[in-house]
Amino acid sequence: MKCVVLYTPADDVMPMALEHFPAHSEWADKFEADGTLLMIGTFADVQADGSMAIFTDRAAAEAFVAGDPFVRHGVVVRHELRDWDA
């Protein structure tokens, strides 16, 4: 079963996102390289709708969120994990 991570951005997300994007991208690259991150990105209106990522399983999603610089530095104010039967 796959797992979807939904991120809710902080108010005025862009300045913080730009600052922490290199570290966030490097973190995501590790999960893409090991094959557990299938897709990641923002919705069209990132401020209103946030972003999402799809992982091969819940353990990978939890590990990603736990170490994500966007979470650690407040770029993301809330996250939700949803098991996806796809």
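This is a walk through the fold, from its overall layout to a few single residues.

The model is predicted, and local features need pLDDT of at least 70, side-chain atom pairs count only at pLDDT 80 or more, and totals for chains, interfaces and linings use all residues. Residues are numbered from 1 along each chain as its sequence is written, and side-chain values use heavy atoms, with hydrogens and water left out.

Start with the overall layout. The protein has 4 helices and 4 strands. Both are DSSP runs numbered from the N terminus: helices are H or I with at least four residues, strands are E with at least two. Along the sequence the pattern reads β-α-β-α-β-α-α-β. The C-alpha trace spans about 35 × 25 × 20 Å along its principal axes. A compact globule of 86 residues would have a radius of gyration near 12 Å, and the protein agrees with its 12 Å. That radius is taken over C-alpha atoms, and the globule rule is 2.2 Å times the number of residues to the power 0.38. Of the 86 residues, 35% count as buried. Buried means under 20% relative accessible area, exposed means over 50%, and partly exposed lies in between (1.4 Å probe, protein chains only). Contacts mean heavy atoms within 4.5 Å. Among contacts with a separation of 6 or more, 73% come from residues 24 or more positions apart.

Now the sheet. Its 4 strands are open and antiparallel, in the order β2-β3-β1-β4. Two strands pair if DSSP finds at least two bridges between them. The edges are β2 (37–42) and β4 (76–84), each of which pairs on one side only. Neighbouring strands are turned by 15° against each other on average, direction ignored. Axes here are lines fitted to C-alpha atoms, for helices over the stretch in contact, and angles run from 0 to 180 degrees between N-to-C directions.

Look next at the pairings of β1. Strand β1 (residues 2–9) pairs with β3 (residues 51–55) in the antiparallel sense over 5 bridges. Within that pairing, V5 stands opposite A53, and M52 is the bridge partner of L6. Strands β1 and β4 are also antiparallel, joined by 8 bridges. Here T8 stands opposite R78.

Helix α1 (residues 13–33) lies across β1, β2 and β3, running at about 170° to β2. Helix α3 (residues 58–67) packs on the sheet and touches β1, β2, β3 and β4, and its direction makes about 175° with that of β4. At the start of α3, a side-chain oxygen of D57 reaches to within 3.2 Å of the backbone nitrogen of A59. The buried residues of α3 are A60, A61, F64, V65 and G67. They pack against β1, α1, β2, β3, α4 (69–72) and β4.

The largest nonpolar core here has 18 residues, of which V5, Y7, L37, F55, A61, F64 and L81 touch the most other members. The elements giving two or more residues to this core are β1, α1, β3, α3 and β4. Such a core is a set of buried Ala, Val, Leu, Ile, Met, Phe, Trp, Tyr and Cys residues joined through side-chain atoms within 4.5 Å. Take L81: leaving aside neighbours within four places in sequence, L81 contacts C3, V4, V5, R58, A61, E62 and V65.

Three further residues are worth a look. T36 lies in the loop between α1 and β2. T36 counts as buried because its relative accessibility is 16%. Not counting residues up to four places away in sequence, T36 touches F31, I54, F55, T56 and A60.

P69 lies in helix α4. P69 is buried, with a relative accessible area of 4%. With residues up to four places away in sequence not counted, P69 touches A23, H24 and W27. The C-alpha atoms of P69 and F21 are separated by 8.1 Å, though 48 residues apart along the chain.

D83 sits in strand β4. Is D83 buried or partly exposed? At 45% relative accessibility, D83 counts as partly exposed. Residues up to four places away in sequence aside, D83 touches M1, K2, C3 and R58. The side chains of D83 and R58 are joined by a polar contact of 3.1 Å. A polar contact is a pair of N or O atoms within 3.5 Å; within protein, one must be able to donate a hydrogen and the other to accept it, and residues adjacent in sequence count only if both atoms are side-chain atoms.
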